[in-house]
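Please read the points below with the sequence and coordinates open.

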Amino acid sequence: MSEASIKQTEIAIEQEHVDRVYARLEELRADAEAMRDKSYEYGREATPEALNERDVMLYHANRTLQALNAESEGLVFGRLDFASGEAVHIGRLGIRDPQFDNLLVDWRAPLAAAFYQATPEQPLDVVRRRVIRSSREQVVDVSDDLLDPDRAPRDMRVIGDGALMAALTRSRGDSMRNIVATIQKEQDEAIRAPEGGVTEITGGPGTGKTAVALHRAAYLLYREQRRLGGPGVLVVGPSPVFMSYISRVLPSMGEHNVELRALGEVLDGISTARIDDPRTAEVKGSSRMVKVLRRALRLPPPDAPQQLRMFYRGTVLKLEADDLKRIRRLLHGKGGQPNRSRMRAADALLEALWQQANQAADADFQPNREQLITEIGERIEFHRFLVAWWPPLYPMQVLRWLSDPARLSRAARRLLSAEEVDLLAKSWTEVTEWTVADIALIDELRVLAGAPPKPRRVEADADQPRRSANYDEYAHVVVDESQDLSPMQWRMVGRRGRHASWTIVGDPVQSSWPDPAEAAAARQEALSSQRTHRRFTLRTNYRNSAEIFALAADAVRDLVPADDLPIAVRATGINPAVREVSADELPQATRSAAAELVAAAEGTVGVITTMARREEVREWLSAVDADRLRVVGSLEAKGMEYDAVAVVDPKDLATESSTGRRALYVALSRATQHLTVLKTA
């Protein structure tokens, strides 16, 4: 029998099993829908027992349907043949036949671990590992690894030489794929690490860090459903572009109890993708801003009254500006959140008025302390003064007040330079949209100020989030591109996981934050409650061809230890194209390069430029007719991958960021197949 005939025979064998799996899947769907319909009948009875039973049935029915209706492309993707003669099929979820025998083992189950962990050196009792590739419900290919030849039956057929490299050459789309069929041993060890504490996954471009972190979240939700299922999982990434790219991975594995938020979306009620210039972002992200904001909250509001004047039984009682300043200072000196100190402020003012009245006492004026405090404290004019002098503080309002350079200078005295004060004040003058760096400052002010009193009626207010409540009780937090978080962003993210376990993903070589030590200190503080810390380093670059990564690595080879650069395992024979053009020729050269890459690549084509030049480059390429073309700035390229990439003016990319050539390294390492670099003379 020819090799092609043997392969077709094996495909037919697997197709028979896949047909059984899908038939059973339809039966289970029908059962779940019937359970859901039956739960509605229970709901017609008004007894508490019936309503409770309805809710339980409806919950389980909906959860089952949610899992069964998850993306079913390639539902069955693997098979293990053990030395005992048992064969086990591996898939995206677990399915049993009516006799409760396994038709399909969930990839997260302990029995499936050998699919990822078995090697010829340690076969784990596995003789043959088979990868099954399908198109919808049709098996189109199988590929085997013979792990223990000495124990293989004589009639066992072995097809191909593994599926990983084939998967790596497939074209990319706008969404990251799940990698359950091609997870490698070093990746699987990180995915299946224990849930508690901090699990850190480091590695260079293309090592699969993000995919591993997402699959770890799915694995933990499967293994720790009771603990993680209620509070849920938070995934934080660098940008909306990136979050959109990864958004289908977890739902495709049946996991929906996960929130994906870019750094500009972490705070409830506010969402932004706007980026400050690098220097301004550095100042806003610095840990010095904690003290600046704390001082800002202690300053009087810009329109605070300078005098409190009250008539009491024929006597004028007055608190002048210096008196009010002293009272404010004493109140803040006692600590506590300003928005929770309104009653203390009222008491302090009334006490000061009593002291003044007591000093003014004579034969005709004999004030009584309790009477004075009660009478003045109930007056409408006193309450109006209190609201103006100690108003509710809203974080965005406080930040807007700091657009006044004089006010900001007072808050930043001996903390920020005059140049830094000027940068911040300008960034908050007539602001129409907050920046990503502002979100961490607003969140800090939210905590420092405390919750303001609830308004009597709901009104639209530009200085109040649409939702004031923030959910800070996640059970697990995943932070991707962690090397780029500023100290202030670490504080913000840390609040969301005070009682959570963590998965932290990053690559120090790709860092865009200029002071790693400052960020490391903030990260350590955010994770200070964690007792366990485990680290996994991924060293194989599966994304870039060896030719492309060699050029990318040259950008930083003299800046970092050699061990911090991964090894690209796939050679294509296609070298990157490096072209030198004049500044005048750059628009046309970019159009030509983009058109060439669209013709050469089947998947997406990325054009990477500076953040400041994105719109200009988009204009240059408006005539290039390709739905697969994506123009992104250097920061938006973080974590992304494209089949082909054009890097526009690498010199500008390197000078735009304070981390210099590290930013260029990121841009050069986004391509899987083709890379063109356009240098200006």
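How many cavities of 30 Å³ or more does a search of the whole structure find?

1. Cavities. The search finds three cavities of 30 Å³ or more. The model is a predicted one. In the largest cavity there is about 80 Å³ of space. Its lining is made up of 15 residues, and those nearest the centre are Leu 297, Leu 299, Pro 301, Arg 328 and Leu 393. Two or more lining residues come from each of α10 (289-298), α11 (321-333) and α15 (395-401). By class, the lining of the largest cavity has 12 nonpolar residues, one polar and two charged.

2. Second largest cavity. This one holds about 50 Å³ of space. The residues that line it are Leu 234, Arg 261, Val 266, Asp 268, Asn 470, Tyr 471, Tyr 474 and Arg 496. Four of the lining residues are nonpolar, one is polar and three are charged.

3. Strand β8. Leu 234, from the lining of the second largest cavity, is one of the residues of β8 that are buried. Strand β8 covers residues 233-237, and five of its five residues are buried, so the strand is largely enclosed by the rest of the structure. In a regular strand, side chains alternate between the two faces of the sheet. In β8, Val 233, Val 235 and Gly 237 point one way, while Leu 234 and Val 236 point the other way.

4. Neighbours of β8. Which strands are joined to β8 by bridges? Strand β9 (residues 258-262) runs parallel to β8 and is joined to it by five bridges; Val 235 has Leu 260 as its bridge partner in β9. Strand β12 (residues 476-479) also runs parallel to β8, here with four bridges. The bridge partner of Val 233 in β12 is His 476.

5. Helix α6. This helix spans residues 209-223, 15 residues in all. From its first C-alpha to its last it reaches 21 Å, close to the 21 Å expected at 1.5 Å a residue. Because 13 of the 15 residues of α6 are buried, the helix is largely enclosed by the rest of the structure.

6. The six-strand sheet. An open sheet has six strands in the order β3-β4-β2-β1-β5-β6, and its pairing is mixed. Its edge strands, β3 (95-96) and β6 (138-146), each pair on one side only. Within the sheet, β2 (residues 87-91) and β4 (residues 102-106) pair in the parallel sense over two bridges. Gly 91 has Asp 106 as its bridge partner in β4.

7. Aromatic pairs. There are seven aromatic pairs in the structure. One of them, Phe 115 with Tyr 116, is edge-to-face, at 5.2 Å centre to centre and 90 degrees between the planes. Both Phe 115 and Tyr 116 are buried.

8. Is the pair of Phe 385 and Trp 389 stacked or edge-to-face? The pair is stacked, with 6.2 Å centre to centre and 20 degrees between the planes. Both residues lie in helix α14 (residues 380-389), four residues apart, about one turn of the helix. An α-helix has 3.6 residues a turn, so residues three or four places apart point the same way. Phe 385 has a relative accessible area of 8% and is buried; Trp 389, with a relative accessible area of 2%, is buried as well.

9. Tyr 642. This residue lies in strand β20 (residues 642-648). Tyr 642 counts as buried because its relative accessibility is 3%, under the 20% cut-off. Thr 604 is 38 residues apart from Tyr 642 along the chain, yet their C-alpha atoms are separated by 5.3 Å.

10. Backbone angles to check. Most residues other than glycine have a negative phi. Leu 124 has a positive phi, near 55 degrees. Leu 124 sits in the loop between α3 (113-117) and β5 (126-135), and at 43% relative accessibility it counts as partly exposed. Arg 313 also has a positive phi, near 50 degrees. The loop that holds Arg 313 is between β10 (308-312) and β11 (315-319). Arg 313 counts as exposed, at 52% relative accessibility.

Key:
Residues numbered from 1 in each chain as written. Predicted model: local features only at pLDDT ≥ 70, side-chain atom pairs only at ≥ 80, totals over all residues. Heavy atoms only, no water. 1 Å grid on protein atoms, 1.4 Å probe; cavity = no way out; pocket = protein on both sides within 12 Å on 5 of 7 lines; lining within 4 Å. Points joined across faces, edges and corners; volume = space filled by probe spheres on them. Nonpolar A, V, L, I, M, F, W, Y, C, P; charged D, E, K, R; others polar. Buried < 20%, exposed > 50% of the residue type's maximum accessible area, 1.4 Å probe, protein only. Pairing = 2+ DSSP bridges. Expected span 1.5 Å × (residues − 1). Phe/Tyr/Trp six-rings, centres within 6.5 Å; stacked < 30°, edge-to-face > 60°.
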